[in-house]
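Hello,

Here is the structure for you to look through. My notes follow below it.

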Protein chains: 2
Amino acid sequence: MPHRPPTIIDVAARAGVSKSLVSMVMRDDPGVSAARRAAVLAAAEELGYRPNRAAAILAGTRTRTVGIVVDDFRNPWFVPMLDGVRAALAPHGLRLTLADTQANAHLGTSPLDDLLALRVDGVLLAAEGVADSVVPPDTPVVVAGERVTVPAGLDVVASDEAAGGRLATDHLLALGHRHIVHVTGSGGPAAARRAAAVERMVASGSAPLVYGGGPTAESTGYEGTRRALAEHPETTAVFAANDVMAMGAIAAVRDAGLRVPEDVSVVGNDETPLASSPLLRLTTVDPHNDEVGRLAAERLVALLGVPASGTSPMRTLVAPSLVVRSTTAPPRG
Amino acid sequence: MPHRPPTIIDVAARAGVSKSLVSMVMRDDPGVSAARRAAVLAAAEELGYRPNRAAAILAGTRTRTVGIVVDDFRNPWFVPMLDGVRAALAPHGLRLTLADTQANAHLGTSPLDDLLALRVDGVLLAAEGVADSVVPPDTPVVVAGERVTVPAGLDVVASDEAAGGRLATDHLLALGHRHIVHVTGSGGPAAARRAAAVERMVASGSAPLVYGGGPTAESTGYEGTRRALAEHPETTAVFAANDVMAMGAIAAVRDAGLRVPEDVSVVGNDETPLASSPLLRLTTVDPHNDEVGRLAAERLVALLGVPASGTSPMRTLVAPSLVVRSTTAPPRG
């Protein structure tokens, strides 16, 4: 008997099944019964059949992995979202791998392309800056979170950021604040919050003051608040577009010799781990990003292996809520 | 003629090239002309030459991607490390993808296995808890950072955490502190810092007080400091094992009605973006994790496509430095 490595044909003969069934087992196709799967794996083991990864890929390009693109590892807004994504992927045995928009900045490539090069089964886009990406017809992509621009035809699951902006502003108005500053940056969620906050400030009769512009979220919060307090010393409240900006805002209030919340109230947005930390105890909007992640991943799973339908993309909004902690109070006097 | 698997020498003879040129083709070295590459691949195919990695190359399944396992997205210590990794991968056109130790907790799989399933070319391990993983002989793995246990035979690049622990403790001793508390958690870097801090405290004649034990870094910092201040009100300084713990420590000092640094000095470790934030302005140890990432990735690149050598694993230590900001001062009185 010639010494040669066993092939898929040998395994099929030993297990008494077709070659294509062996191939299905080797690529972990869920459409194989447990009994036949066990028979094939037993035959493979007896023969010493060692499919290398190349064989797996030749047999089928599925990796049973979902890729997710997040925007910035310095802002932990995405941590709750990942919890929701995991919860949705678990029943399907799907793996998760991550790329941030900076991960391959050294190559000048798009994080979407990078994940597609890994032959992921589907992609969740939870970042700006991928609107120009070409979405391949055979790999489902779902957008998680509000974005300025979205590649055409994609489903979007996002928190209702406009509602979040209204919750934060209405909380400050209800406490009696009439001199509110909104500190914000770029990006889709921020734009939606800003529009809603400005609308509410105008409706209440207060002048809509919007500051921003630093290179990072925290410097935007710090510099925006510092300038706002210098130019408008009547300011009694700051709504920061995210929790990291709120950290910067609190630092600017303290550096101006004022106290939070006695002199200036501060509200954040995102309900990151920072917000509940004992150093901040930040009043913030909870966008329920865990729910955004869960729904986006469930939508993606539903699209896996289904040909593009050409139907109108779905848009799902999750209702946010307000979490009141220690950084807001009525204005003095 | 006995039937034996063809070797790299057979391929070189058939293609009329040197053995090292075949080796270059098999590791996808960009310095091979297209014509010679085609000749080598044709010879390999005719002979049925199929080593694992060569098979992957022949099948076109190399992903030219390096995977990195990080431990916890809530602690941004890894952000500077990623900058260093990117800098090292850039000249080689290698992509980067991430997994955290929780990414696939829903599947009960190891993040190392998950990355290998994506057919990455190599893996950087920057997390605990993967010591039991089976490291395949054909995929290089390098450990980035000090770890309690490391899979056998792997190269390690880490900051000299013991030196960092000495820097922090010596800074407090030099300011005149004699009642220093160390707040710490589990994990390899923490263990090295703790041993060094305790050694320095003992050498200086102060009682080595070590607190810890919360479920997260921040709660460990908060609860550890809270208990330390209650049980040892003479405490004038806290060395926290990382910047996130230091955030918790500062909150506990303030909640005890004390001020940082007037009443209690606080030192962190990691030089995360948190440390330089205007809310913290934290005195901390910079482990130079960007340099750790750069050296670990360079080592990994050097191992790509090279058979496991069986030589002793390398251990490279990067010297840390101290960054003095606003949270440390001499003790009062």
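Start with helix α8 (residues 188-203) of chain A. Helix α8 lies across β6, β7, β8 and β9 (265-269) of chain A and runs at about 170 degrees to β6(A). Contact means heavy atoms within 4.5 Å. Angles run from 0 to 180 degrees between N-to-C directions, with axes fitted to C-alpha atoms, for helices over the stretch in contact. Helices (H or I, at least four residues) and strands (E, at least two) are DSSP runs, numbered from the N terminus.

Helix α10 (residues 243-255) of chain A also packs on the sheet. It touches β6, β8, β9 and β10 (283-286) of chain A, at about 160 degrees to β9(A).

This is a predicted model: local features need pLDDT of at least 70, side-chain atom pairs pLDDT 80 or more, while totals for chains, interfaces and linings use all residues. Residues are numbered from 1 along each chain as written, chains are lettered from A and ligands numbered from 1 in written order, and side-chain values use heavy atoms, without hydrogens and water.

Now the sheet. It is open and mixed, with six strands in the order β7-β6-β8-β9-β10-β12 (chain A). Strands pair if DSSP finds at least two bridges between them. The edges are β7 (209-212) and β12 (321-323) of chain A. Strands β6 (residues 180-184) and β8 (residues 237-240) of chain A run parallel, joined by four bridges. A:V183 has A:A240 in β8(A) as its bridge partner.

Best wishes
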